[in-house]
Amino acid sequence: MTFQEIVRQLQTLDMNNPGAWPRWTRIAAAIVLGIVLIAAGEWFLVKPVHEDLEIARAQEQSLRQQFEEKQKKVAGLDAYREQLAEMERSFGAMLKQLPSKAEVANLLNDISQARIASSLEERLFQPQGEIPKEFYAEIPNKIVVLGTYHEMGNFVSAVAALPRIVTIEDVEIRTANGKSGEQTLSMTALAKTYRYLDDDEIAAQKPAKGKGKKK
């Protein structure tokens, strides 16, 4: 069959009587119709489902990322709680080393006993007045003692071994007149003790700090 014959047969097709069409035209029409139906089904049925599936996949990925982020935050929160608990334990242990207001006199007496045990001669032991901090108070005491270098070393070691926190600062050592045959030194220092503030003292500090900021 030539091309001209195909064109002539197509031009003479009766659209109202497909049964009279040549066999090849019926087959071709069926194929074209099948292609059209498949394309229409893909466009109207499959494509919306495919789009919904892509949206669902994107939502799943987003939810998965949110879950992983929240899981990391929960893990970090547990670690933070553990760290906070450890800080509270360390703070409690440190706080136990600070005497209360009623125990300060005993602590100052312990410092004097350490001086006596080290065979130092006391020239001055002068409390300087408390310096309030956030939850504790510094209690500086100016001391002047006489003795040998070894005796002073023993005194500092004894103070460091006290169960309460005591620091020796602003140390100044000079030669001084002493017993014959011995080199006597004079040590001037600031022995700082500390005590924790009770709840009433801490509460009393807050209004004072607030007034200071307003000025």
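Which strands and which helix do the buried residues of H3 pack against? Before I come to that, please keep in mind that this is a predicted model, in which local features need pLDDT of at least 70 and side-chain atom pairs count only at pLDDT 80 or more, while totals for chains, interfaces and linings use all residues. Residues are numbered from 1 along each chain as its sequence is written, and side-chain values use heavy atoms, with hydrogens and water left out.

The protein has 5 helices and 5 strands, taken as DSSP runs numbered from the N terminus (helices H or I, at least four residues; strands E, at least two).

Helix H3, residues 104-117, has 14 residues and reaches 20 Å from its first C-alpha to its last, close to the 20 Å expected at 1.5 Å a residue, where the expected span is 1.5 Å times one less than the number of residues. Val-104, Leu-107, Leu-108, Ile-111, Ser-112, Ala-114 and Arg-115 are buried in H3, buried meaning under 20% relative accessible area and exposed over 50%, with partly exposed in between (1.4 Å probe, protein chains only). Because they cover an arc of only 155° around the axis, they sit on the same side of H3, the arc being that of the directions from the helix axis to the C-beta atoms. On the other side of H3, Ala-105, Asn-106 and Ala-117 are exposed.

So, to return to the opening question, the buried residues of H3 pack against strands S1 (121-127), S3 (136-147), S4 (166-176) and S5 (184-196), and against helix H4 (149-160), with contact meaning heavy atoms within 4.5 Å. Following H3 comes Ser-119, whose phi is positive, near 65°.
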